[in-house]
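This report describes a protein model through its fold, its core and its side-chain contacts. Please keep the sequence and the coordinates in view while reading.

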Amino acid sequence: MSESAIPAYITSLIRHFEDLRDGTHGGSTSRKDKEAHFEKAVQLLAPIAHQVLAEMNASLLLDTGQLTETGLRRTENGGLNASWALSWPEQRAAGVEPIVLQAHFGVGFNHPHLRGTTVRDWPLNVFSDEDAASQLSILRAIASSDLHNLVYRADYRIVPAVTGSRATNSIRDKVATK
């Protein structure tokens, strides 16, 4: 298989395993340089994270959600993280966490990871716009898995598209036009 035919998620795993083997991230060995890569990755990922959460808000939450982001910040134990969260009235009323896409670089980690509220670590290897764009399917999977798991923590009724009459009509309209 040619290198260009290798799916992005496989490339991400290969980079991850090579980083572990070599003690590097993006070719860097010092924590300072790795953190600089992470800061750039957060900037590149932001529009992709916004896109994923906006899609979920429009289609599943019927535009009732609120997107918040932290920006890059230092954690209490010295690591770095940034997150994008989508909350909505039914989720808050049920007392469950929002859907969260988080980029984090733990203080003892060799390299950063992506995670959700309920979904844990996926290698974060973003060094270019192309790398960030290739994370779209991964961020969609994390956010979708989070919503699925949050429904199990609460109830299907936290998803307005399932209970709202507007959603039912919208789905019928889409099916009718196909």
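## Burial and the basis of the model

A residue is called buried when its relative accessible area is under 20%, exposed when it is over 50%, and partly exposed in between, with a 1.4 Å probe and protein chains only. At 7% relative accessibility, methionine 56 therefore counts as buried, and of the 178 residues of the protein, 40% fall into that class.

The model is predicted, and local features need pLDDT of at least 70, side-chain atom pairs count only at pLDDT 80 or more, and totals for chains, interfaces and linings use all residues. Residues are numbered from 1 along each chain as its sequence is written, and side-chain values use heavy atoms, with hydrogens and water left out.

## Fold

Seven helices and six strands make up the protein, taken as DSSP runs numbered from the N terminus (helices H or I, at least four residues; strands E, at least two). Read from the N terminus, their order is α-α-β-β-β-α-β-β-β-α-α-α-α. Where contact means heavy atoms within 4.5 Å, 59% of the contacts between residues at least 6 apart in sequence join residues at least 24 apart.

## The nonpolar core

A nonpolar core is a set of buried Ala, Val, Leu, Ile, Met, Phe, Trp, Tyr and Cys residues joined through side-chain atoms within 4.5 Å. The largest one here has 38 residues, among which Trp84, Ile99, Leu101, Leu114 and Leu139 touch the most other members. Two or more residues come from each of H2, strand E3 (80-87), E4 and helix H5 (136-153), and H2 gives the most, with eleven residues.

Leaving aside neighbours within four places in sequence, leucine 139 is in contact with Leu45, Ile48, Ala49, Val52, Leu101 and Leu114. Methionine 56, found in helix H2, touches Leu61, Leu86, Ile99, Ala143, Ser144 and Leu147, again not counting residues up to four places away in sequence. Methionine 56 and leucine 86 are 30 residues apart in sequence, and their C-alpha atoms are 8.7 Å apart in space.

## The aromatic pair and its charged neighbour

Rings of Phe, Tyr and Trp (its six-membered ring) pair if their centres lie within 6.5 Å, and planes under 30 degrees apart count as stacked, over 60 as edge-to-face and the rest as tilted. A search of the whole structure finds one such pair. It is formed by phenylalanine 38 and phenylalanine 105, which are tilted, with 5.9 Å from centre to centre and 55° between the planes. The pair links distant parts of the chain, since phenylalanine 38 belongs to helix H2 (residues 31-59) and phenylalanine 105 to strand E4 (residues 99-105), 67 residues apart.

Phenylalanine 38 is buried, with a relative accessible area of 0%, and phenylalanine 105 is likewise buried at 0%. Arginine 31 lies over the face of phenylalanine 105, at 3.7 Å from the ring centre; a charge sits over a ring if NZ of Lys or CZ of Arg is within 6 Å of the ring centre and within 35 degrees of the ring normal.

## Salt bridges

A salt bridge is a side-chain nitrogen of Lys or Arg within 4 Å of a carboxyl oxygen of Asp or Glu, and the structure holds eight of them. Because arginine 140 lies in helix H5 and glutamate 55 in helix H2, the pair ties together parts that are 85 residues apart in sequence. Arginine 140 is partly exposed, with a relative accessible area of 35%, and glutamate 55 is also partly exposed, at 28%.

Arginine 21 forms a salt bridge with aspartate 22, the closest N and O atoms being 2.7 Å apart; arginine 21 is exposed at 60% relative accessible area, whereas aspartate 22 is partly exposed at 42%. Aspartate 121, partly exposed at 36%, meets arginine 115 in a salt bridge of 3.0 Å, N to O. Arg31, Glu35 and Arg74 are linked in a network of salt bridges.

## A loop contact

Threonine 118 is found in the loop between strand E5 (113-115) and strand E6 (122-123). Its side chain and that of asparagine 149 are joined by a polar contact of 2.8 Å, that is, a pair of N or O atoms within 3.5 Å, where within protein one must be able to donate a hydrogen and the other to accept it, and residues adjacent in sequence count only if both atoms are side-chain atoms. Not counting residues up to four places away in sequence, threonine 118 touches Ser145, Asp146, Asn149, Leu150 and Arg153.
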